Amino acid sequence: MAASNSIEPRLFLNPIFTTSTTTNSSTSLHIQNFKLKLPHFPTKNPTLVFTLNSSSGSATTNNNNDNTIITPYPDDPDPEPVSAVSSEIRTRDGRDRRKIVKVAWEKLVRWSRTWRSKAKTDILERTNKVKKFYVVVLGGGSFGTAMAAHVANKKSQLKVYMLMRDPAVCQSINEKHCNCRYFPEQKLPENVIATTDAKTALLGADYCLHAMPVQFSSSFLEGISDYVDPGLPFISLSKGLELNTLRMMSQIIPQALRNPRQPFIALSGPSFALELMNKLPTAMVVASKDRKLANAVQQLLASKHLRISTSSDVTGVEIAGALKNVLAIAAGIVVGMNLGNNSMAALVAQGCSEIRWLATKAATQLNSICLHCLLEKKMLFPVFASLSQNLPLLHFLKMGAKPTTITGLSGTGDIMLTCFVNLSRNRTVGVRLGSGEKLDDILSSMNQVAEGVSTAGAVIALAQKYNVKMPVLTAVARIIDNELTPKKAVLELMSLPQVEEV
């Protein structure tokens, strides 16, 4: 068989010969020049010769002097050492792998350039030159400040108003160009303007970034609703659930503004305000049911150090952003109690499952009358209309989140950041709870809001509403309510029945 001209990476196995002698054998066995053709063996001449020598000194079955010798066939004038062949294989394999990686990267770069060339120009560039472009940020907290600085840095002609309640911080931003409370060492762009007057901030605004804590959002928005244009898009940076009503921001904002059609976008993802201020690479997602609006906000916020993906799954993005704060408290408790890495991994994995269960839950309970109509009379819609008013037994609920959202930036991405990094406020609360501190003392010493504390109770109420069991997040709520100690919670969780993973 002739040798191939090109060397292909293959698996080589050394042939093994065994010899045996019988008790009647008193002669030595000698086999010479046993030729073997190896078509893919990487040498100039693939013909090898195997010389097998076997001898015995007496009529016994013992062969202690067996020797197996593998040598190149004598016709090969320049045999290559095995080590040199192996080195050649590794070198060529390495070159092939590098070439494959290079080609793949070049394809990615070409695709990126083609996409950018076909994409519409930036929304800021397409803005009417006669009309100035305004963005307003509601709230003067750390993340609101970071987003205001980010947007203002994109274009010097752009004005970014920050509406806040603290006159001292407002003065610090306008005179010293820094947020003296959260970022005293970070300089803000000069086109960031702070004000306590809602009318000044909102009049003529093109976009509004809502960065108020969830629990205070409804009352705050009701107070400024007279100055909000009905078509002003609201980009929500707030993550959490309203404690008493279980509402998300997509429900709070239009209801507080008394405008069901108020354009709404949810912004979420793994992002610490400090790193955003330092222009470190970050990726987030904007979610809206209006695809054009989502694309416009993507262009507004995207930059060289901030990647923005789009999604239509508003519910998934919001519920993941709310529940991850509660899970971060649980992760902090594990750290505070020194329970180890195994516990941390198990807890976060369980928490991710619980978030997925609730976010994607569709619980449907139909009574026999509705089933009969559905299957026999096919009168589904008239029956729903009548039963929804008269029969409380009918329960048709659906969160409707997509599983891909839960495993994306706003889900797994944000969970990893808040559960494993010390900058997380909610994780810090958990660490201090796990080390034995009282919740009231922890909250009184913090200058920022940990949304997970107030969200925990709302999460459990929501889980009961949708009939979802959430042991880890429920334990956090019990600890926050001072009805369970962290140590007791661990014992209870470890004593749960051993069940199939779902």
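pLDDT is the predictor's confidence in each residue, from 0 to 100. I start there because this is a predicted model, and pLDDT is the predictor's confidence in each residue.

For this chain the mean pLDDT is 79, and 72% of the residues reach 70 or more. Which elements have the lowest and the highest mean pLDDT? The lowest belongs to strand β12, residues 362–365, at 32. The highest belongs to strand β8, residues 234–236, at 98.

Two stretches should be read with that scale in mind. Over residues 1–38, pLDDT stays under 50, and the model has 62 contacts beyond four places in sequence for them. Over residues 47–74, pLDDT again stays under 50, with 66 such contacts in the model.

Next, helix α2, residues 142–154. How far apart are its end C-alpha atoms? They are 19 Å apart. At 1.5 Å a residue, the 13 residues should span 18 Å, so the two values agree. The helix is also mostly covered, with 11 of its 13 residues buried.

Last, a pair of strands. Strand β10 covers residues 282–287, and strand β11 covers residues 306–311. They run parallel, joined by 6 bridges. To find one of the bridges in the structure, look for V286, whose bridge partner in β11 is T310.

That is the end of my part.

How values were computed: Residues are numbered from 1 along each chain as its sequence is written. This is a predicted model: local features need pLDDT of at least 70, side-chain atom pairs count only at pLDDT 80 or more; totals for chains, interfaces and linings use all residues. Side-chain values use heavy atoms; hydrogens and water are left out. Two strands pair if DSSP finds at least two bridges between them. Helices (H or I, at least four residues) and strands (E, at least two) are DSSP runs, numbered from the N terminus. Contact means heavy atoms within 4.5 Å. The expected span of a helix is 1.5 Å times one less than its number of residues. Buried means under 20% relative accessible area, exposed over 50%, partly exposed in between (1.4 Å probe, protein chains only).
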